[in-house]
Amino acid sequence: MVKDKETKTLLEANVLIVDLKNNFSIYNDFTSAETGDFLAAMPRGSYLFNVQANGYLFSSSHFEVEKINTNKPYELEILLEKMAVGKNVTLQNIFFETNKFDLLPSSATELGLLINLLTENERLEIEVQGH
């Protein structure tokens, strides 16, 4: 279920799930405008999970399905923040070679989503931090 973080109202949002092993999109659809719900079947694996809606910062998550009980649906409540000065987004799907600064190919989708956000919001300015 996708909601506005402040008002808790339901949002229609695009949900993208990408298999990080092969960078293939396994789910790319919108939530229900009436209920905020979506349903995606995911086999065991490692996934990028991105949710975005117009006027909001996107939500970035990383899931390992091996660690989740697959005998029942896994329910999520995703709270999106409206774009505003001082708001932060943590990119959960940027991966580096061990002990190096080289990006792994599995980082390409998340970086592409960031590029799209910046392209669609030309006045948006960002600061990149890492450790």
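Is Val 128 buried or exposed? In this predicted model, Val 128 is exposed, with a relative accessible area of 71%, and Val 128 is found in the segment after helix 1.

**The segment after helix 1**
- Val 128 lies 107 residues from Lys 21 in sequence, and the C-alpha atoms of Val 128 and Lys 21 are 26 Å apart in space.

- Glu 110 belongs to helix 1, which covers residues 108-120, and Glu 110 is buried without having a salt bridge, given that the nearest side chain of opposite charge, that of Lys 5, is 16 Å away.
- A polar atom of the Glu 110 side chain is found 3.5 Å from the backbone nitrogen of Asn 93.
- When neighbours within four places in sequence are left aside, the residues in contact with Glu 110 are Leu 48, Ser 60, Leu 91, Gln 92, Asn 93 and Ile 94.
- Thr 109 is likewise placed in helix 1, and Thr 109 counts as buried because its relative accessibility is 18%, where the cut-off for burial is under 20%.
- Not counting residues up to four places away in sequence, Thr 109 touches Leu 16, Val 18, Asn 23 and Leu 48, and Leu 48 is also among the contacts of Glu 110.

**Salt bridges**
- The structure holds two salt bridges, one of which joins Glu 77 to Lys 3, with the closest N and O atoms 3.0 Å apart.
- Glu 77 is partly exposed, at a relative accessible area of 45%, while Lys 3 counts as buried, at 15% relative accessibility.
- A salt bridge is also formed by Glu 81 and Lys 87, whose closest N and O atoms are 3.1 Å apart.
- Glu 81 counts as partly exposed at 21% relative accessibility, and Lys 87 is partly exposed as well, with a relative accessible area of 41%.

Notes
Residues numbered from 1 in each chain as written. Predicted model: local features only at pLDDT ≥ 70, side-chain atom pairs only at ≥ 80, totals over all residues. Heavy atoms only, no water. Helix = DSSP H or I, 4+ residues; strand = E, 2+ residues; numbered from the N terminus. Buried < 20%, exposed > 50% of the residue type's maximum accessible area, 1.4 Å probe, protein only. Lys, Arg positive; Asp, Glu negative; His and termini not counted. Salt bridge = Lys/Arg side-chain N within 4 Å of Asp/Glu carboxyl O. Polar contact = N/O pair within 3.5 Å; in protein donor to acceptor, adjacent residues only side chain to side chain. Contact = heavy atoms within 4.5 Å.
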